[in-house]
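Please look through the model below.

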Amino acid sequence: MEALLFMNRSSIMKWITGGLEAFWALPIIGGSLIISMNWSPLVVMLILHIITLLISLNEGKNKHGSILGIITSCVAVIPGLGWTMHTITAVLLLIDAYRSEKAIEIS
């Protein structure tokens, strides 16, 4: 719990959205759930990425992962492209969240 006290809001949101993107990138499971829910998880992810982008802009943090997440949410209805984009977005967001967390520890 102490680690959360030192993380900024953008890092927390990047961990959340990155983890969700990684889940949606799971072969068969992620795609099946997205399709079975009529692509509504993509709308939820779009909203979460927009919120993360706004928080990142407010805190002056990297915004690239959130922008890619917004694009991913829009094009992920295309099966092969969706899987690829979810994977790339998850990796980018999780790396960015990790780097932000390490920067806080150093300062």
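Ile28 sits in the loop that links α2 (9–24) to α3 (29–36). The model is predicted: local features need pLDDT of at least 70, side-chain atom pairs count only at pLDDT 80 or more, and totals for chains, interfaces and linings use all residues. Residue numbers start from 1 along each chain as its sequence is written, and side-chain values use heavy atoms, with hydrogens and water left out.

Ile28 has a phi near 70 degrees, a positive value in a residue other than glycine. Is Ile28 buried or exposed? Ile28 is exposed, with a relative accessible area of 71%. Here buried means under 20% relative accessible area, exposed means over 50%, and partly exposed is in between (1.4 Å probe, protein chains only).

Trp39 also has a positive phi, about 65 degrees, although Trp39 is not a glycine. Its place is the loop between α3 and α4. Trp39 is partly exposed, at a relative accessible area of 34%.

**The whole chain**

How many helices and strands does the protein have? There are six helices and zero strands. Helices (H or I, at least four residues) and strands (E, at least two) are DSSP runs, numbered from the N terminus. Of the 107 residues, 36% count as buried. The protein exposes about 6200 Å², and carbon and sulfur atoms supply 75% of that area. Such areas come from the Shrake-Rupley method with a 1.4 Å probe; for residues, only the protein chains shown count as cover.

Now take the contacts, meaning heavy atoms within 4.5 Å. Among contacts with a separation of 6 or more, 67% join residues 24 or more positions apart.

**Helix packing**

Helix α4 (residues 40–59) packs against helix α5 (residues 64–75). Helix α4 also packs against α2. The table gives both pairs.

| Helix pair | Angle | Axes apart |
|---|---|---|
| α4 and α5 | about 160 degrees | 8 Å |
| α2 and α4 | about 155 degrees | 9 Å |

Axes are lines fitted to C-alpha atoms, for helices over the stretch in contact, and angles run from 0 to 180 degrees between N-to-C directions.

At about 160 degrees between their axes, α4 is roughly antiparallel to α5. Angles under 35 degrees count as roughly parallel, over 145 as roughly antiparallel, 65 to 115 as roughly perpendicular and the rest as oblique. In the contact, α4 brings residues including Leu42, Met45, His49 and Leu53, and α5 brings residues including Ile67, Gly69, Ile70 and Cys74. The contact of α4 with α5 holds eight nonpolar, six polar and no charged residues. Ala, Val, Leu, Ile, Met, Phe, Trp, Tyr, Cys and Pro count as nonpolar, Asp, Glu, Lys and Arg as charged, and the others, Gly among them, as polar.

Helices α2 and α4 are roughly antiparallel to each other too. Arg9, Met13, Leu20 and Trp24 are among the α2 residues that meet α4, where Pro41, Leu48, Ile55 and Glu59 are among the partners. This contact of α2 with α4 divides into eight nonpolar, six polar and four charged residues.

**A buried leucine**

Leu93 lies in helix α6 (residues 79–106). Is Leu93 buried or exposed? At 0% relative accessibility, Leu93 counts as buried. Leaving aside neighbours within four places in sequence, Leu93 is in contact with Lys14, Thr17, Gly18, Glu21, His49, Gly65 and Ser66. Leu93 and His64 are 29 residues apart in sequence, but 8.3 Å apart in space, C-alpha to C-alpha.
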